[in-house]
Structure formats: structure tokens, C-alpha cells
Amino acid sequence: GYGQTGPRAKEPGYASVCEAFGGFRAVNGYPDRPPVRPNISLGDTLAGMHAVLGTVMALLHRTRSGGSGGSARGQVVDASISESVFSV
């Protein structure tokens, strides 16, 4: 939804709301009409891509910091829909 911290952290996040909140809906459609809903759930897709990239980077860090043995340090991967939409 809206990330781990902040005033909206405890609220559920829905892709359509986060897309509007992030301004993505405002750039779709026509200037003299209300925003148009895209045919894809871009917010969910972007959050999923950020989660995948974060996971890949965490695995790379594990590999470079000592493999999967006891000396490797774990990573936290945090991907929110609203922050993912903001990045576009």
C-alpha cells in the first residue's frame, strides 16, 4: 500500500487509489474530461517489479558478502504500491 512508515502506513493500499494518489491517473485521458482508468493495473505491476528487483539485489548482496553460510547478512525488501507509482 503506502509503505512501512508515514501517516498512511496502516491503511490498505489499492492499485487504483495509489495510481490516483501518485498522479498516474491525471496524465491519462483527455484534458477536458475526468481521468481515464488504464486497462492494466500498473500500480500492482510496478510494485511487483520493485519487489523482484529488491529481491535480486538482496541475493546479490548475500553472494558478495559471504554466500549462504552463517556470515551472510539478510536484507529487508520493502516495496509499496504508492512509492512504486511515484517512481514513474
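Is glutamate 19 buried or exposed, and at what relative accessibility? At 1% relative accessibility, glutamate 19 counts as buried; buried means under 20% relative accessible area, exposed over 50% and partly exposed in between, with a 1.4 Å probe and protein chains only.

1. Basis of the model. This is a predicted model, in which local features need pLDDT of at least 70 and side-chain atom pairs count only at pLDDT 80 or more, while totals for chains, interfaces and linings use all residues. Residues are numbered from 1 along each chain as its sequence is written, and side-chain values use heavy atoms, with hydrogens and water left out.

2. Secondary structure. The chain has three helices and zero strands, in the order α-α-α along the sequence. Helices (H or I, at least four residues) and strands (E, at least two) are DSSP runs, numbered from the N terminus.

3. Overall form. The radius of gyration is 17 Å, well over the 12 Å that the globule rule gives for 88 residues, so the chain is more spread out than a compact globule. The radius is taken over C-alpha atoms, and the rule is 2.2 Å times the number of residues to the power 0.38. Along the principal axes, the C-alpha atoms fill a box of roughly 60 × 25 × 15 Å.

4. Burial and surface. Of the 88 residues, 20% count as buried. The chain exposes about 6300 Å², and carbon and sulfur atoms supply 57% of that area. Accessible areas come from the Shrake-Rupley method with a 1.4 Å probe; for residues, only the protein chains shown count as cover.

5. Contacts along the chain. Taking contacts between residues at least 6 apart in sequence, 51% join residues at least 24 apart. Contact means heavy atoms within 4.5 Å.

6. Glutamate 19. This residue is found in helix α1. Its side chain makes a polar contact with the side chain of arginine 25, at 3.0 Å. A polar contact is a pair of N or O atoms within 3.5 Å; within protein, one must be able to donate a hydrogen and the other to accept it, and residues adjacent in sequence count only if both atoms are side-chain atoms. With neighbours within four places in sequence left aside, the residues in contact with glutamate 19 include Phe24, Pro38, Leu42 and Val85.

7. The loop between α1 and α2. Alanine 26 lies in this loop, which runs between α1 (15-21) and α2 (42-64). Alanine 26 counts as exposed because its relative accessibility is 64%. Its C-alpha is 8.0 Å from that of valine 36, which is 10 residues away in sequence. Asparagine 39 is found in the loop between α1 and α2 too, and is exposed, with a relative accessible area of 80%. The C-alpha atoms of asparagine 39 and valine 56 are separated by 28 Å, with the two residues 17 apart along the chain.

8. Valine 52 lies in helix α2 and counts as partly exposed, at 47% relative accessibility. Valine 52 and alanine 79 are 27 residues apart in sequence, with 9.2 Å from C-alpha to C-alpha. Serine 84 belongs to helix α3 (residues 81-86) and is buried, with a relative accessible area of 2%. Beyond its neighbours within four places in sequence, serine 84 is in contact with Leu46, Ala47 and His50.
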